[in-house]
Amino acid sequence: MALVAVLVLAGCGGRAPSGGAGGGGEGGEFTLWTHNAGNKEELAAVNKIVSDYNASQTTNKVKVQAFPQAAYNDAVTAAATSKKLPCILDIDAPIVPNWAWAGYLAKLDLPQELVAKQLPSTLGKWKDQLYSVGYYDAALGLFARKSALDAAGVRVATVDQPWTAQEFDQALQKIKASGKFDYVLDLGTGDSTPEWWTYGYSPFLQSFGGDLIDRNSYTTASGVLNGDKAMAWANWLQGLIRNKYTPAKSGTDAFADFVNGKSAMVWSGSWSATNLEKVKDGVVMPPPDLGAGPKIGGGSWQWGISSGCQNTVGALDYLKFSLQPKYLSQFVTKLNLIPATEETAAMSPGWEPDGPKRFFLDESKKFALIRPPTPAYPYVTTTFAKAAQDIAAGGDAKSILDQAASDIDQNLKSNDNYGA
Amino acid sequence: MAVTQEVPPKGGLRTSTRATTRKPAGRGHETLMGTLMVSPAMLLLIVFFFIPVGLCFALAFTNARLISPEPATLVGLENFQRLFQDPLFWRSLRNTVYFAVVVVPLQAGFALVLALLVNAKIRGINFFRTLYFVPVVTSIVVVSILWKFMYQSDGLVNNMLQTLTFNVVQGTDWLSNPTAAMPAIMFMSIWQAVGFHMVIWLSGLQTIPGELYEAAELDGADKWQQFRYVTWPGLKATRTFILVTITIAALSLFAQINVMTQGGPLDATSTVVFQAVRVGYGQQETAYASTISLVFFVLVLTVSLVQRYLTRERG
């Protein structure tokens, strides 16, 4: 049994977190973890930055470890528990406050002039401290067929002049009356990933004037998630489904259905911009102003330094190097993501002011509202996604929202408001 | 089944003394060998099963979270109070019991019917046996994804219903309909797992000696009486095993829900295990999920013990 015990301990000690190489760095070598294994262009872009950086100086050497996106967050949590986080890692923007609160991330001491150039939604802050910086952003948009809008006598909305709630409603009625499409607007409800439901549909809640959590204190969701404005949003959503403007459960790829002519409009994002070219008369518009101004989500993957990093000087040096416009431009041109700085936009064809692709950058600057930067976010998003799914399925909106708000409040209380 | 006469050995006392003097050396060696043989499995069981289960039960009395800068502290029975006032838990429990109560008799019964059919000694029967078993070896996740497409409102299931009933039965969007979602999942689960229990029933059927059937036929019993008086009693052990295993499998329904409906629509398909996973990983509340797991464990244990008691050997 003693032999057995020794074997067990040896096994426990040698067990490395998935993805190997530990955090800090001996001398000048450290590891970088990224979530985009399987995403050829994005991984190639990151690898290019790393190899250029390694070639540009001899003090530090960066090694890239790529993970598939679905397994990435679990890998980081496991590594954090065993204190083996890599020096540099990328994080999905809304989770940054949660990981900062948990002590995984170190404060980011980037020079102020670099930070000032970034699009606000590419900065991950918690309690006024910067923890992460993003190379790009993404934005939601209402894609439509211009022919369908013209036939219904509806104008094309622009960033300067978005639709009002009445215009939006009239557009829906007129397009439905024409009878040419299965659905007027495909909201993409067939994607059951919780984060899509929060990212894609909480902007409508916010446009009505409600929110996921009270952003003044971050200590309660009551009143914002289950108040009158939130009820107005819930009734609006159920109305869209009841009047058959949008399917209760769309196909798995809503944009493909739009391209194939099943719907006149689809709620998607900048990632679908290349596919829009398959539609002869496709246009993209901001969402309507449902009371508190049009709102879209903001914040995509961002880069930070782990708190256990032994070589923070080197890690910061790498991050500064990677923020050069020529590298940020790769993400824009190859992946159609929104440039994080104006310099990058100037370098990327089509994104300069009044350029053909400029829409998403202007829309993001004007309407983007990042998901609430609170460590409670993982709980908030799963609770809201479930509530939204139940509302879309036809449940009693008041009791669903009341339950969601009270669940969030209880979670906040049992965690001492996460240090808010 | 044969009756043997017990004849005490001659010189019984002498035999026992000889046995007692010979036993110690042999017994000790056997015990050591036995322990060594069992130790790898016991080690794996202890490290990967008993210790985590023990930790899980201990966590139910704390406020542990998946990601937190503060260590977990003991909170006593707070989690249990919260659990018993949680409407989602009661709904999940109701759905789990609903699923078990329907699936256990249906699946066991249907598997028995298939086993009886497949037990016939005709040529080509092995083909059918394999055919019924194929869904079992397919990953439940793959099966769930396939059936998710089939259950769409314009999917295969509705098309077949319309064709077979000449458009009288239109079918519905199965997985988005709160009343139809659970039955749809039950149907798919039974289809997937019935082959496994068919094979177990088959093995039970094949232990019944053929002479008993011949004797019954000679006595003038028809097929139904043969089943009732020869087959059914002969299947007692198999019956108990199948009952217990199907019940435990049915109560731990998770994979299909996770892939197909994520507990919806309107909590119609949320089960206890699904809720535990969602709370523990999605909402990062490890302690609350441990509470759910502990309560679930006690529930399943109670049900199994009751089943064992009711099916115990009498006399």
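Predicted model: local features only at pLDDT ≥ 70, side-chain atom pairs only at ≥ 80, totals over all residues.
Reader: Which strands stand at the edges of the open sheet of 4 strands?

Author: The order of the strands in this open sheet is β8-β9-β7-β10 of chain A, and the pairing is mixed. From one strand to the next, the twist averages 20°. Two of the strands have a single partner strand each, so one side of each is left without a neighbour in the sheet, and these edge strands are β8 and β10 (282–285) of chain A.

Reader: How do the strands beside β9(A) run relative to it, parallel or antiparallel?

Author: Strand β7 (residues 140–145) of chain A is joined to β9(A) by 5 bridges and runs antiparallel to it, and within this pairing the bridge partner of A:Gly141 is A:Ser268.

Reader: How many residues of strand β9 of chain A are buried?

Author: Strand β9 of chain A spans residues 263–269 and is mostly covered. A residue counts as buried here if 20 or more other C-beta atoms lie within 10 Å of its own. By that criterion, the buried residues of β9(A) number 7 of 7.

Reader: In the open sheet of 6 strands, which are the edge strands?

Author: This sheet of chain A has the order β2-β1-β3-β11-β5-β4, with mixed pairing. Its neighbouring strands are turned by 35° against each other on average, direction ignored. The strands that pair on one side only are β2 (61–68) and β4 of chain A.

Reader: Which residue in the turn between β4(A) and β5(A) has a positive phi?

Author: Strand β5 (residues 129–134) of chain A pairs with β4(A) in the antiparallel sense over 4 bridges, and A:Leu123 stands opposite A:Val133 in β5(A). The two strands form a hairpin with 2 residues between them, and the residue in the turn with a positive phi, of about 55°, is A:Lys127.

Reader: Which strands does helix α3 of chain A touch where it packs on the sheet?

Author: Within the sheet, strand β1 (residues 29–37) of chain A is joined to strand β3 (residues 88–92) of chain A by 2 bridges, and these strands run parallel; the bridge partner of A:Trp33 in β3(A) is A:Leu89. Helix α2 (residues 40–56) of chain A packs on the sheet by touching β1 and β2 of chain A, and its direction makes about 170° with that of β2(A). Helix α3 (residues 69–81), whose direction makes about 120° with that of β2(A), touches β1, β2 and β3 of chain A.

Reader: Why do the buried residues of α12(A) line one face of the helix?

Author: Helix α12 (residues 312–322) of chain A has as its buried residues A:Gly314, A:Ala315, A:Tyr318, A:Leu319 and A:Ser322. They line one face because, seen down the axis of α12(A), they fall within an arc of 135°.

Reader: Which element gives the largest share of the side of domain 1 of chain A that touches domain 2 of chain A?

Author: The domain assignment gives domain 1 as 23–138 + 299–367 and domain 2 as 140–294 + 373–419 of chain A, and 28 Å separate their centres, taken over C-alpha atoms. In the contact between them, 17 residues of domain 1 meet 17 residues of domain 2 of chain A. Two or more residues on the domain 1 side come from each of α4 (96–101), β4 (123–126) and α15 (359–367) of chain A. The largest share, 6 residues, comes from α15(A).

Reader: Which element gives the most to the side of chain A that touches chain B?

Author: Here 19 residues of chain A are in contact with 17 residues of chain B, and by class the chain A side has 9 nonpolar, 8 polar and 2 charged residues. The elements giving two or more residues to this side are α1 (2–14), α4 and α16 (377–392) of chain A. With 5 residues, the element that gives the most is α16(A).

Methods:
Residues numbered from 1 in each chain as written. Chains lettered and ligands numbered in written order. Buried ≥ 20, exposed ≤ 12 C-beta atoms within 10 Å, placed from the backbone. Pairing = 2+ DSSP bridges. Domains from an automatic or database assignment. Contact = placed C-beta atoms within 7 Å. Axes fitted to C-alpha atoms, helices over the stretch in contact; angles between N-to-C directions. Nonpolar A, V, L, I, M, F, W, Y, C, P; charged D, E, K, R; others polar. Arc of directions from axis to C-beta.
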